[in-house]
Amino acid sequence: MEATERRTAVVAVWRYALRVGVVLACLSGVELVLAAPAQAAFATELSGLPARFTAGDQVRTVSAVVSRTDRRGGCVKVRWSMVLSVQGIRLDQVKMDRVEETGDFPLEIRTEGDVARLTDRQLDPGTLCPGRTVTARYRVAFAEDVTDGRVTLAAEAYDANLRLLARQTATRSVVGAGGAQSASAEPSAPASEPAEAENDQAGETIGDQPVDAAPPAAGAGGPVAQTGGFGLVQAAFLLGGLLLFLGVGLLLRLRHLTRAATAEADDPPVDWRWERPARR
């Protein structure tokens, strides 16, 4: 009798544990569903990129545009940060600044090796709302002594709390003025967007201010529309899978204990089965 009661208690404990696992799995699924729409809430595009950059006095204007695709949220302010990486050339051979309609926009420039980060010192004048966009324009130029190389631009849009909203990356080759003239006779790939040419030089030389490359500020939040890394959706998916595996294991264990308890209840004890009535 004590063994049957003990098994019954164990079955009850496993039953409650299974219920808790199912509840946690459901909560994880709800979190995953709620977090998924945020992945598509923001998007960033780079426009004005030529098929290749040409060294010398030619200045190109590249625009980064962030948009909000959902209609549920409110308006947010944006802070831009442009990450520039070079191969085959030096950072001090690159000139890049940020411009607005009122003139140059103040930047904080940090470099490390062949990577530079140009972050707005203040929020963008525009406001990002559902159905509207916020645009940042950068002027890019390369020194005349550049012969051949590659440049990668990564435009990152942050909100006022330094939470990454969206990121877009593009890579282009850089050729010298002589190489561009010799390649003009060959058909070249069309530019992704028509770029604007400026007659004046781009602003600051990036390599003039060497400091450690870092994010816009410490403690910036996780990306909302950023691929790669381990974010909220990945954590929720992992937790949901773990809880689902735990729930299946508890269900199998509960089924085994239930069968064992049922079999023991159906079969009478050995002593009672062979017990004979006492003779009087």
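A residue is called buried when its relative accessible area is under 20%, exposed when that area is over 50%, and partly exposed in between, with a 1.4 Å probe and protein chains only. The structure is a predicted model, in which local features need pLDDT of at least 70 and side-chain atom pairs count only at pLDDT 80 or more, whereas totals for chains, interfaces and linings use all residues. Residues are numbered from 1 along each chain as its sequence is written, and side-chain values use heavy atoms, with hydrogens and water left out.

Five of the six residues of β9 are buried, so the strand is largely enclosed by the rest of the structure. Two strands are said to pair if DSSP finds at least two bridges between them. Strand β5 (residues 79–87) runs antiparallel to β9 and is joined to it by five bridges, and Ser85 has Val115 in β9 as its bridge partner. Strand β8 (residues 107–112) also pairs with β9 in the antiparallel sense, over six bridges, with Leu118 in β9 as the partner of Ile109. The hairpin of β8 and β9 has two residues between the strands, and Gly113 takes a positive phi near 65° there.

Arg117 forms one with Glu156, the closest N and O atoms being 2.9 Å apart. Because Arg117 lies in strand β9 and Glu156 in strand β12 (residues 148–158), this pair ties together parts that are 39 residues apart in sequence. Arg117 counts as buried at 13% relative accessibility, and Glu156 does so at 5%.

Asp120 forms a salt bridge with Arg98, with the closest N and O atoms 3.0 Å apart. A network of salt bridges links Arg98, Glu100, Asp120 and Asp124.

Confidence is given as pLDDT, the predictor's confidence in each residue from 0 to 100. The protein chain averages a pLDDT of 74, and 57% of the residues score at least 70. Over residues 217–230 pLDDT stays under 50, although the model has 26 contacts beyond four places in sequence for them, a contact being heavy atoms within 4.5 Å.

Definitions and conventions
Salt bridge = Lys/Arg side-chain N within 4 Å of Asp/Glu carboxyl O. Helix = DSSP H or I, 4+ residues; strand = E, 2+ residues; numbered from the N terminus.
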